[in-house]
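I opened this notebook to keep track of what I looked up, step by step. The sequence and the model come before my entries.

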Amino acid sequence: MGHSHAPSVTASNEQRIRLVFLMTAGYAAVQAVGGALSGSLALIADAGHMVSDAAALLLALIAYRVARRPPDLERTYGFHRVRVLAALANGASLLLLVAWIAWEAVQRFRTPSEVMAGPMLIVATIGLVVNLVGAWILARGQRSDGNLRGALLHVVGDLLGSVGAIAAAIGIMVTGWTVLDPLLSVLVAVLVVRSAWGLVSDSLVVLLQAVPRGLDLAAAEAGIHALPGVAEVGHFHAWTLTDDSTVATVHVTPAPGTDPLALPAQVAGYLRREHAIGHATVQVDAPGHIEATAH
């Protein structure tokens, strides 16, 4: 197929996610054992978060593999929206994990349990180092990729979990207040909610084919109408194909004396320059047709 709408899959992002996946999966086992032995909810919550993240990173890697497949006659846009689906799944899994942490914290508030602060501090410190390295690796990738951004948010959530676990361990060692463990777990969960919801919201905007964020549709249509040779503008639609590709369709009619064949390139060029719309399909209608079909 000579004309493709499919953006390229970034190999560098895939390699970054693969490396962080191996780090996350390996440390998740260590943290799960440490959390169980120390009796720390902060560690157990973070261990669950790490397991969830390992699964999410694996899903992201699978999404990259699928997205690499070329467009065909049935899927002319290719498979790149699989990345958006993966990003949505990542955000949703974060929200579910936060709900679980909150539930466990409530149980700990009702029935405080013993926490071994020393082992908790050691395991949490190791986790902090692992997550810092993972976040650094992902942050150097292409941030416009929603799939990579979802992976980064997971790792940042883990990083915050490690910080909370370290703070809880130190607080318990100094004061003996084991309630600090579930309290800091809840605070970390609240911080994660905002990022997770943003990822879910952005994914839904793409999947619902809503107008891309930051695009003023009325202003763009007015700009088209102001172009030389354009008499009418209508049926203007714009949506996000995938995280880094915006497409649009629009109908125009030529002004008297204007070459109709010149309008598609003129309109598409304007939308690309002024509104970052990478691909626009411009249909030229007969004078009066847009107004007649608008009602």
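At what angle do the axes of helix α3 and helix α6 cross, and within what distance do they come? I noted first that this is a predicted model, in which local features need pLDDT of at least 70, side-chain atom pairs count only at pLDDT 80 or more, and totals for chains, interfaces and linings use all residues. Residues are numbered from 1 along each chain as its sequence is written, and side-chain values use heavy atoms, with hydrogens and water left out.

I found that the axes of α3 (residues 81–110) and α6 (residues 180–207) cross at roughly 155° and come within 8 Å, on axes fitted to C-alpha atoms over the stretch in contact, with angles from 0 to 180 degrees between N-to-C directions. The two helices, α3 and α6, are therefore roughly antiparallel (angles over 145 degrees). I recorded 24 nonpolar, 4 polar and 3 charged residues in the contact of α3 with α6, where Ala, Val, Leu, Ile, Met, Phe, Trp, Tyr, Cys and Pro count as nonpolar, Asp, Glu, Lys and Arg as charged, and the others, Gly among them, as polar.

I then turned to helix α7 (residues 217–225), which packs against helix α8 (residues 263–275) at about 135°, the axes being 10 Å apart. In this contact (heavy atoms within 4.5 Å), A219, A220, G223 and I224 of α7 meet V267, Y270, L271 and H275 of α8. By class, I listed 6 nonpolar, 2 polar and no charged residues there.

Last, I looked up strand β2 (residues 245–254), which pairs with strand β3 (residues 279–284) in the parallel sense over 6 bridges (pairing needs at least two DSSP bridges). T249 has T281 in β3 as its bridge partner.

How values were computed. Helices (H or I, at least four residues) and strands (E, at least two) are DSSP runs, numbered from the N terminus. Angles under 35 degrees count as roughly parallel, over 145 as roughly antiparallel, 65 to 115 as roughly perpendicular and the rest as oblique.
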